[in-house]
Amino acid sequence: MTSGTAIGRTLQFLTLALIVLLAGCATQAPSQKEDRYPGDWRTQQSQLEALETWTAAGKVGIRTSDDSQSANLDWTQRNDQYRISVSGPWGAGRNTLEGNDRQVTLTNGDGTFQAPTPEELMAQQMGWSLPLSSLVYWVRGLPDPRGPHQLSEDDVGFPKTMDQAGWHIDYRDWSQADGLWLPRRIVMTYDDIRTTLVINRWQPGQADLP
């Protein structure tokens, strides 16, 4: 007859194995059915420049010399109008940033706040900020046309790194959605700030905004 100690050890082993399995599933990048080839980026670049509507979902992490935080991210963009929802450990509930090129509103558990730019509003109310005015280009693998930049390419001609407005942007991974190659993992650094953006779901051309 199996002893209670043996049963306990068996259960501990099964529990540990399940945790390892789930952790591996959670961190494994989605597989790609197609590979990137030389010429793919140049072929689609004009489409990316014209892309002004999308829905993207994933995670964002912020790391400084003093702290490290992460959250879920949902981003809906249509022309100059956008809605970005951030929810996770660093905030109480959900922070929703909505706006256009004239006004930005942040709504969370503390109320509703407004400012002329998203960077100013996020810094005031959330204690950190992303360069959203330029990120709308960087997230597509494009430089912000309003300022100078330096760009390097990988071995198939896709953006590898970009330096603009004091930020260093490193394109680590790509995914394909509706025939377009789009960044899946972006690491951005500015002084001692390191921001990692992982987009697990791209929906180009789709935006549910009022």
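The model is predicted.

## Aromatic pairs

A pair of aromatic rings is described by the distance of the centres and the angle of the planes. The count here comes to nine aromatic pairs. One of them joins Trp 41 and Phe 158, with ring centres 5.4 Å apart and planes at 55°, so this pair is tilted.

A second example is the pair of Trp 167 and Tyr 190. Its ring centres are 5.2 Å apart and its planes stand at 40°, so this pair is tilted too. Trp 167 belongs to strand β9 (residues 167–177) and Tyr 190 to strand β10 (residues 180–190), so the contact ties together parts that are 23 residues apart in sequence. Trp 167 is buried, because its relative accessible area is 9%, under the 20% limit. Tyr 190 has a relative accessible area of 32% and is partly exposed.

Ring pairs also build a cluster. Its members are Trp 41, Phe 158, Tyr 171, Trp 174 and Trp 181.

Helix α2 also holds Thr 43. The C-alpha atoms of Thr 43 and Leu 180 are separated by 9.9 Å. Along the chain, these two residues are 137 residues apart.

## Salt bridges

Side chains of opposite charge can pair when their charged atoms come close. A search of the whole structure finds six salt bridges.

| Basic residue | Acidic residue | N to O distance |
| Arg 36 | Asp 154 | 2.9 Å |
| Arg 94 | Asp 74 | 4.0 Å |
| Arg 102 | Asp 80 | 3.8 Å |

Take the bridge between Arg 36 and Asp 154. Arg 36 lies in the loop between α1 (4–27) and α2, and Asp 154 in the loop between β7 and β8, so the bridge ties together parts that are 118 residues apart in sequence. Arg 36 is partly exposed, with a relative accessible area of 26%.

Next comes the bridge between Arg 94 and Asp 74. Arg 94 is in strand β4 (residues 94–99) and Asp 74 in strand β2, so the linked parts are 20 residues apart in sequence. Arg 94 is partly exposed at 43% relative accessibility. Asp 74 is partly exposed as well, with a relative accessible area of 30%.

The bridge between Arg 102 and Asp 80 runs from loop to loop. Arg 102 is in the loop between β4 and β5 (104–108). Asp 80 is in the loop between β2 and β3 (81–87), 22 residues apart from its partner. Arg 102 is exposed, with a relative accessible area of 59%. Asp 80 is partly exposed at 34%.

## Acidic patch and positive phi

Four acidic residues gather in a patch of negative charge on the surface: Asp 66, Asp 67, Asp 191 and Asp 192. Asp 67 is placed in the loop between β1 (53–63) and β2 (68–78). At 39% relative accessibility, Asp 67 counts as partly exposed. Asp 191 is found in the loop between β10 and β11 (193–204). It is exposed, with a relative accessible area of 71%.

The backbone of Asp 191 also stands out. Most residues other than glycine have a negative phi. Phi of Asp 191 is near 55°, a positive value in a residue other than glycine.

Asp 178 is a further case: its phi is positive, about 50°, although it is not a glycine. Asp 178 lies in the loop between β9 and β10. At 63% relative accessibility, Asp 178 counts as exposed.

Conventions
Residues are numbered from 1 along each chain as its sequence is written. This is a predicted model: local features need pLDDT of at least 70, side-chain atom pairs count only at pLDDT 80 or more; totals for chains, interfaces and linings use all residues. Side-chain values use heavy atoms; hydrogens and water are left out. Patches are made of residues with over 30% relative accessible area and no salt bridge: like charges are joined within 9 Å, nonpolar side chains (Val, Leu, Ile, Met, Phe, Trp, Tyr) within 5 Å. Accessible areas come from the Shrake-Rupley method with a 1.4 Å probe; for residues, only the protein chains shown count as cover. A salt bridge is a side-chain nitrogen of Lys or Arg within 4 Å of a carboxyl oxygen of Asp or Glu. Lys and Arg count as positive and Asp and Glu as negative; His and the chain ends are not counted. The place of a charge is taken as NZ of Lys, CZ of Arg, CG of Asp or CD of Glu. Helices (H or I, at least four residues) and strands (E, at least two) are DSSP runs, numbered from the N terminus. Buried means under 20% relative accessible area, exposed over 50%, partly exposed in between (1.4 Å probe, protein chains only). Rings of Phe, Tyr and Trp (its six-membered ring) pair if their centres lie within 6.5 Å; planes under 30 degrees apart count as stacked, over 60 as edge-to-face and the rest as tilted.
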